[in-house]
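Please look at the sequence and the structure shown here, and then follow the report through a few places in the model.

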Amino acid sequence: MRRSIGSKPAHAETPWRDKHLLGLEDLSRGEIESILDRAEHHANRSAQSREKSQALKGRIVFNLFFESSTRTRTSFSLAAKRLSADTQDFSPSGSSLSKGESFIDTARNLEAMGADILVVRHPTPGTPKLLAEHVASAVVNAGDGAHEHPTQALLDLLTIRRAKKTIEGLTVGLLGDIAHSRVARSNIWGLTKLGAKVILCGPPTLVPRGWERLGCEVAHHLDDVLPRCDVVNVLRIQFERQHAGLFPSIGEYSHFYMMTQERVKRARPDFLLLAPGPINRGVELTPEVADGRHSAILDQVSNGLAVRMAVLEMLTSHTGPARDGGE
Ligand code: NCD
């Protein structure tokens with residue numbers, strides 16, 4: 001089986017050592033920091049110039065999204081274009097998957113068209129890993145069920161680091177539907193490796209039991225933990241992944257867990273508010289808070305482009321020379 005970027009050889013820590021990005025669970029602190037450093041470079045460069053990099057000239061990046069997406073799919077496409085790659089969206093509906101063709105055969109056909117990188121979002125956890133074991137292209141996990149969403153966590157980390165200068169020693173609250181959130185899992189791995197304290201806060205039905213063993217504190221009363229948080233990452237209730245009513249009503253959820261102006265007044269004066277999006281105004285946070293001075297929600301989107309450029313570059317350093325002689 002091919003090693004993923006997350007597997008741990010004994011040698012030096014470098015983010016460029018392997019060809020897939022499947023999750024943050026097995027990445028070292030050094031690898032994560034190197035990706036963030038490269039992303040920081042792209043973020044600074046994009047702020048000064050729209051000139052394209054030639055780093056992925058001659059490369060082909062396919063987006064295979066089996067779940068809805070606005071930010072992730074668009075920013076992977078744009079990141080690839082900013083690096084001069086060709087990009088193609090593969091749409092499962094209307095494809096031969098409906099005629100019984102397997103997922104792996106579909107991916108192999110895309111490879112036969114020259115795909116260098118397959119960016120995959122799928123409702124089933126482990127799908128990107130399965131794909132990585134069966135194709136020669138590099139595979140990026142763009143969200144697999146409730147398992148991992150590594151580039152989202154990387155862009156959250158970059159946003160925190162840019163705003164707070166460091167991640168080490170910060171207290172970060174992950175708020176809401178922890179149980180069904182791949183963003184929560186990837187954030188936990190990334191934040192704890194970089195030395196932050198993580199507090200998981202939500203109703204008992206939405207915070208898995210025993211996650212203290214991941215190095216997190218578990219809390220159910222937002223008003224008690226909010227004053228300790230340097231950062232609050234508001235996670236959406238993942239109704240599409242819930243198979244039973246896990247809280248009495250949206251009104252009750254909002255009463256106890258929605259970020260409101262009243263709560264903001266009791267938070268740290270310099271706390272940073274994150275949300276991966278999509279945001280549901282009036283459910284997880286009020287419009288005033290979403291658009292307020294603590295919110296870095298749109299910075300996250302900008303930083304997402306920089307992170308995805310860094311990741312695509314990293315992966316192509318392992319896929320051999322481009323066919324047309326580009327880098
Ligand atoms: C997240 C996702 O799809 O996992 N969104 C995103 O990628 N920007 C979070 C969510 O859907 O709530």
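In this predicted model, helix H3 runs over residues 103-112, and its buried residues are Phe103, Ile104, Thr106, Ala107, Leu110 and Glu111. These residues lie on the same side of H3, because they cover an arc of only 160° around the axis. Just after H3 comes Gly114, which takes a positive phi of about 105°.

The loop between E2 and H3 holds Ser93, a residue that is exposed, with a relative accessible area of 61%. Although Ser93 and Phe66 are 27 residues apart in sequence, their C-alpha atoms are 8.6 Å apart in space.

**The ligand and its surroundings**

Which residues surround the ligand? They are Arg71, Thr72, Arg121, His149, Gln152, Arg182, Val183, Arg236, Gln238, Pro276, Gly277 and Pro278. For some of these residues a distance to a particular ligand atom can be given, as the table shows.

| Protein atom | Ligand atom | Distance |
|---|---|---|
| Thr72, polar side-chain atom | oxygen | 3.0 Å |
| His149, polar side-chain atom | oxygen | 2.7 Å |
| Pro276, backbone N or O atom | nitrogen | 3.1 Å |

Taken alone, the ligand exposes 310 Å², and the protein buries 94% of that area. Two of the residues around the ligand, Gly277 and Pro278, are joined to each other by a cis peptide bond, with an omega of about 5°. Pro278 is placed in the loop between strand E9 (272-274) and helix H10 (287-290).

**A buried glutamate in a loop**

Glu148 is found in the loop between strand E4 (138-144) and helix H5 (150-164). Is Glu148 buried or exposed? Glu148 counts as buried, because its relative accessibility is 1% and the cut-off for a buried residue is under 20%. If its neighbours within four places in sequence are left aside, Glu148 is in contact with Leu22, Gly23, Leu24, Glu25, Asn141, Gly143, Arg182, Ser186 and Trp189. The C-alpha atoms of Glu148 and Thr192, which are 44 residues apart along the chain, are separated by 15 Å.

**Cysteines without a disulfide**

A disulfide is a covalent bond between the sulfur atoms of two cysteines. How many disulfides does the model have? The count comes to zero. Cys216 is in no disulfide, and the nearest cysteine sulfur, that of Cys229, is 12 Å away. Cys216 is buried, with a relative accessible area of 6%. The sulfur of Cys229 has its closest cysteine sulfur in Cys201, at 7.8 Å, which is too far for a bond, and Cys229 also counts as buried, at 2% relative accessibility.

**Backbone angles and a close pair in the loops**

Most residues other than glycine have a negative phi, and most peptide bonds are trans. Ser84 has a positive phi, near 70°, although Ser84 is a residue other than glycine. The place of Ser84 is in the loop between helix H2 (71-82) and E2, and Ser84 is buried, with a relative accessible area of 17%. Lys165, also a residue other than glycine, has a positive phi near 75°. Lys165 lies in the loop between H5 and strand E5 (171-176), and Lys165 is exposed, with a relative accessible area of 67%.

A further loop residue is Ala267, which lies between helix H9 (261-266) and E9 and counts as buried, at 10% relative accessibility. Ala267 and Pro227 are 40 residues apart along the chain, whereas their C-alpha atoms are separated by 4.5 Å.

Terms used. Residues numbered from 1 in each chain as written. Predicted model: local features only at pLDDT ≥ 70, side-chain atom pairs only at ≥ 80, totals over all residues. Heavy atoms only, no water. Buried < 20%, exposed > 50% of the residue type's maximum accessible area, 1.4 Å probe, protein only. Helix = DSSP H or I, 4+ residues; strand = E, 2+ residues; numbered from the N terminus. Arc of directions from axis to C-beta. Near = heavy atom within 4 Å. Polar contact = N/O pair within 3.5 Å; in protein donor to acceptor, adjacent residues only side chain to side chain. Areas by Shrake-Rupley, 256 points an atom, 1.4 Å probe, with all protein chains shown as cover. Disulfide = S-S within 2.5 Å. Contact = heavy atoms within 4.5 Å.
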